Amino acid sequence: LKRGIVTNGGEIFCNSHVESIDVVNGVAEGIILKKKRTMNGGRYVKAKQAVVSNLSVWDLFKSGIVDRQHFPEQFVKEKLDTPVGKSFMHLHVGFKCSREELDTLQAHYMYIDDWGRGVEAEDNAVLLSIPSVHDDTLAPPGYA
């Protein structure tokens, strides 16, 4: 993921607290990094193409990192009213595999330890994703 982002001109900011997402005319144009004790002010980072975040929709709207006024009121309400699902493991793996072997696989598999406990039960579900089933460029040659 990192290689793909950097190769295409993107930047990744690890351990960097984002103060806010700058939205202009409905488009995220950049971010403002939170001030650190050693800095005189927050750093503005202009997006070349997109702003990508790993925040959940609930954290995005409740944190104040983006002003809700940039979204239709009904959209925000629907997102915040969506129940939070309990966690499960989503596993992305890489393994040696020929194209012929890859053609026999599905893109997603799910393991449920005890169907009676349901998908949301703790330590009960694992989702395995193999996206290279649909796109060869998502793994090196000879790998899935």
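Which strands and which helix each supply at least two residues of the lining of the largest pocket? They are strand 1, strand 2, strand 3 and helix 2 (57–63). The model you are looking at is predicted, with local features needing pLDDT of at least 70 and side-chain atom pairs counting only at pLDDT 80 or more, while totals for chains, interfaces and linings use all residues. Residues are numbered from 1 along each chain as its sequence is written, and side-chain values use heavy atoms, leaving out hydrogens and water.

**The chain as a whole**

- The chain has four helices and six strands, where helices (H or I, at least four residues) and strands (E, at least two) are DSSP runs numbered from the N terminus.
- The chain is more spread out than a compact globule, because its radius of gyration is 20 Å, well over the 15 Å that the globule rule gives for 144 residues. (This radius is taken over C-alpha atoms, and the rule is 2.2 Å times the number of residues to the power 0.38.)
- Along the principal axes, the C-alpha atoms fill a box of roughly 55 × 40 × 30 Å.
- Of the 144 residues, 19% are buried (under 20% relative accessible area, with a 1.4 Å probe and protein chains only).

- Three strands form an open sheet in the order 1-2-3, with antiparallel pairing (two strands pair if DSSP finds at least two bridges between them).
- Strand 1 (18–24) and strand 3 (44–46) are at the edges with a single partner strand each, so one side of each has no neighbour in the sheet.
- Strand 2 (residues 27–33) pairs with strand 3 in the antiparallel sense over three bridges; glycine 30 has lysine 46 in strand 3 as its bridge partner.

- The largest pocket has a volume of about 1000 Å³. (On a 1 Å grid over the protein atoms alone, a pocket is an open set of points where a 1.4 Å probe fits, with protein on both sides within 12 Å along at least five of seven lines; lining residues have an atom within 4 Å of a point.)
- Its lining has 29 residues, and Glu11, Phe13, Ala50, Val51 and Val52 are the closest to the centre.
- Strand 2 gives the largest share of this lining, three residues.
- The second largest pocket has a volume of about 260 Å³, and its lining includes Leu1, Arg3, Thr137 and Pro140.

Definitions and conventions
Points joined across faces, edges and corners; volume = space filled by probe spheres on them. Buried < 20%, exposed > 50% of the residue type's maximum accessible area, 1.4 Å probe, protein only.
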